[in-house]
Amino acid sequence: MFRIVQAKIEPSEMRLAAAGGFVTFEGRVRDHNDGRTVTGLEYEAFVEMAESQGKALLAEARAAFDILDARAAHRIGRLEIGDVAVWIGVSAVHRADAFRACEWIIDEIKERLPIWKKEYYSGGDSGWVGAPEALPSAETIPDPRG
């Protein structure tokens, strides 16, 4: 199960009798990034697409790794320092499989899902993480017709 949520993330219960290993990951809002003091974050997402791709991603993880179950949730909206932004839970017969799958899942969520992060800084300004400083204007884009 993959969910996009606005409320605080409540981790899923994943007790399985066959599982000897359970790995959980919590991505929390930290108070700094790139030498700047961060006061909070805001996440936006294309919710329907993110949930669809997130569910597909978890299905891929179940097929690629020797795991019993995988679940994840990602918050959107305004988050404060210390809030959980993303949670992943993986259960497997052996811990090594759960660790590998959990790491793969967070890497793929960050790479593939349409979720955007905006940081708010102590100076009062803000910025979208990973976005170019300025988008090209119509005057700087070459005309394909020559």
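Author: Let us begin with a term: a residue is called buried when its relative accessible area is under 20%, exposed when that area is over 50%, and partly exposed in between, using a 1.4 Å probe and protein chains only. This is a predicted model, in which local features need pLDDT of at least 70 and side-chain atom pairs count only at pLDDT 80 or more, while totals for chains, interfaces and linings use all residues. Residues are numbered from 1 along each chain as its sequence is written, and side-chain values use heavy atoms, with hydrogens and water left out.

Reader: Okay, is Asp83 buried or exposed?

Author: Asp83 is buried, because its relative accessible area is 12%.

Reader: And which residue forms a salt bridge with Asp83?

Author: A salt bridge here is a side-chain nitrogen of Lys or Arg within 4 Å of a carboxyl oxygen of Asp or Glu, and Asp83 forms one with Lys8, the closest N and O atoms being 3.3 Å apart. The two residues are 75 residues apart and link distant parts of the chain, with Lys8 in the loop between β1 (2-5) and β2 (21-28) and Asp83 in the loop between β6 (77-80) and β7 (84-92). Those labels come from DSSP runs numbered from the N terminus, where helices are H or I with at least four residues and strands are E with at least two. Lys8 counts as exposed, because its relative accessibility is 56%. Lys8 and Asp83 also belong to a network of salt bridges that includes Arg75.

Reader: How many salt bridges are there by this rule?

Author: The count comes to 10. One of them joins the side chains of Glu26 and Arg28, at 2.6 Å from N to O; Glu26 is partly exposed at 36% relative accessibility, and Arg28 is partly exposed at 48%.

Reader: Switching topic, where is Ile88, and what is Ile88 in contact with?

Author: Ile88 is in strand β7 and is buried, with a relative accessible area of 0%. Contact means heavy atoms within 4.5 Å, and, leaving aside neighbours within four places in sequence, the contacts of Ile88 include Val23, Phe25, Ala72, Cys102 and Ile105. Pro11 is 77 residues from Ile88 in sequence, yet the two are 8.2 Å apart in space, C-alpha to C-alpha.

Reader: And what does Ser12 touch?

Author: Not counting residues up to four places away in sequence, Ser12 touches Met1, Arg71 and Trp87. Ser12 is in the loop between β1 and β2, and is buried at 18%.
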